[in-house]
Amino acid sequence: MTRSLTILGATGSIGRSTADVVLAHRDEFRVEAVVGGRDAEALAKVARKLGARFAALADEKAGSDLKGALSGTGIAGGAGSSAVIEAAERDAELVLAAISGTAGLRPTHAALKPGRRLALANKESLVCAGAAFMADANRLGVTIMPVDSEHNALDQALAAGRNGDVEKAVITASGGPFRTWTRERIAQASPAEASAHPVWSMGNKINIDSATLMNKGLELIEAHHLFGLEPDRLDVLVHPESIVHGLVQWSDGAVTAGLALPDMKVPIANALRHHERLPMDLPRLDLAAIGRLTFEQPDETRFPCLALARAALRAGGAMPVVLNAANEIAVEAFMTGRIGFYGISECVETVCSTFLKRNNMTVPATVLDALAIDEEARDMARQVLSGPAEAKPLLGAGK
Ligand code: NAD
Ligand code: MG
């Protein structure tokens, strides 16, 4: 049976893997719309390859480039935020939401339509507006299928029992490029070193979040909303081989785990089909060849972002939005060489504690509320980073 599919973030890392899955099953999917950020050529290319009906680019200024790149293809194009929302709202049974960052919040939320299925990669939608997002999805009868590999594994493992019988749900972390580095060496790490992920090939922002372990922290918050599990039932385990992605420990002591080779096409294929299987011609997991799987506790001294994210999850309210916004600004500052590696966690910590003292921390009731808090927290992070000129180069370097 052919299903109509829209891909938000079609030119990114997840978007490209999704295109590969779709191209391997041309008869299964008809692509309604594709969305990209700035690159008109790349968007037109994926739109042509997938035979999409509509292509929307977020960057309004590149609209004429998109029109040019699509001319003669019969594919309609649009640019600007209204075109992106139009793409998200167009009739499609399935939407795969893989825009990166908080830029994904509005389009992903616009994709919540009655009876639709949403394959969700944009974790920020749940981190920033999880309560509102899940409530709207439930009200509209939208099934959310997690694309994030750990959550996809947990989703499959949780199918083995009832949520009330879950003692603990554990997501694994590869540990990132600095897993074995000392704190002193990590403090001096360059953006290039932090971007070199040992296992996964991903977008820039999530690579840095994997190096700080903030990504795992954001994923704990994501898991809390997706599965309705309280913070004390969620945990992280470092597992450098990235074969076991999620584990559920049941009240009888049994453990159900989700395993796969680390290739995002596996969870993407699973999320697109849900409870049925989309056959994939990918290398198979050969445990005998791997021989040994190792696990260790995460070290929150060398990776303070994980502790900050856990604290934000426990604090609840608007704290996860603030954490995420401060982190996005701090990661940008690190990438452009304005702060050191530990400047990221220092900035996040300062912004979170300042916010806690000053502001009303109620849960954002809507996506727009979440975006307003997000803006405020970003401004605060920019202020923290632009502090006294002589102190700036020291932020996070060598401490
Ligand atoms: P990426 O940077 O490679 O791609 C982002 C996509 O979003 C691109 O298509 C880009 O053009 C588009 N985009 C950016 N700004 C936009 C805007 N304002 N409006 C519309 N489109 C915009 O990122 P990625 O690694 O593919 O990650 C995408 C999302 O999936 C993130 O939320 C990330 O946390 C999540 N995720 C990624 C992975 C992975 O393996 N890459 C794994 C799990 C979850
Ligand atoms: Mg993940």
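Which element gives the most to the shell around ligand 1? That would be α1, with three residues. Before going further, a word on ground rules: residues are numbered from 1 along each chain as its sequence is written, while chains are lettered from A and ligands numbered from 1 in the order in which they are written. What you have here is a predicted model, where local features need pLDDT of at least 70, side-chain atom pairs count only at pLDDT 80 or more, and totals for chains, interfaces and linings use all residues.

Back to the ligand. In all, 27 residues surround ligand 1, and the closest are Gly12, Gly37, Ala58, Met202 and Gly203; a residue counts as near if its C-beta atom, placed from the backbone, lies within 6 Å. Two elements give two or more residues to this shell, namely α1 (13-23) and β2 (29-36). Helices here are DSSP runs of H or I with at least four residues, strands are runs of E with at least two, and both are numbered from the N terminus. Sort the shell by class and you get 13 nonpolar, 11 polar and three charged residues. For that sorting, Ala, Val, Leu, Ile, Met, Phe, Trp, Tyr, Cys and Pro are nonpolar, Asp, Glu, Lys and Arg are charged, and the others, Gly among them, are polar. Domain 1 (3-147) and domain 2 (151-262 + 282-290) each supply at least three residues to the shell, with bounds taken from an automatic or database domain assignment.

Now follow β2 into its sheet. Seven strands make up an open, parallel sheet in the order β4-β3-β2-β1-β5-β6-β7. β4 (76-79) and β7 (143-146) sit at the edges with a single partner strand each, so one side of each has no neighbour in the sheet. Strands pair when DSSP finds at least two bridges between them. β2 and β3 (residues 54-57) are parallel partners over four bridges, and Val35 has Ala56 in β3 as its bridge partner.

Next stop: strand β8 (residues 166-173). Six of its eight residues are buried, so β8 is largely enclosed by the rest of the structure; buried means that 20 or more other C-beta atoms, placed from the backbone, lie within 10 Å of the residue's own. β8 runs antiparallel to β10 (residues 244-250), joined by five bridges, and Lys168 stands opposite Gln249 in β10. With β9 (residues 234-238), β8 pairs in the parallel sense over five bridges, and there Ala173 stands opposite Val238.

Notes. Buried ≥ 20, exposed ≤ 12 C-beta atoms within 10 Å, placed from the backbone.
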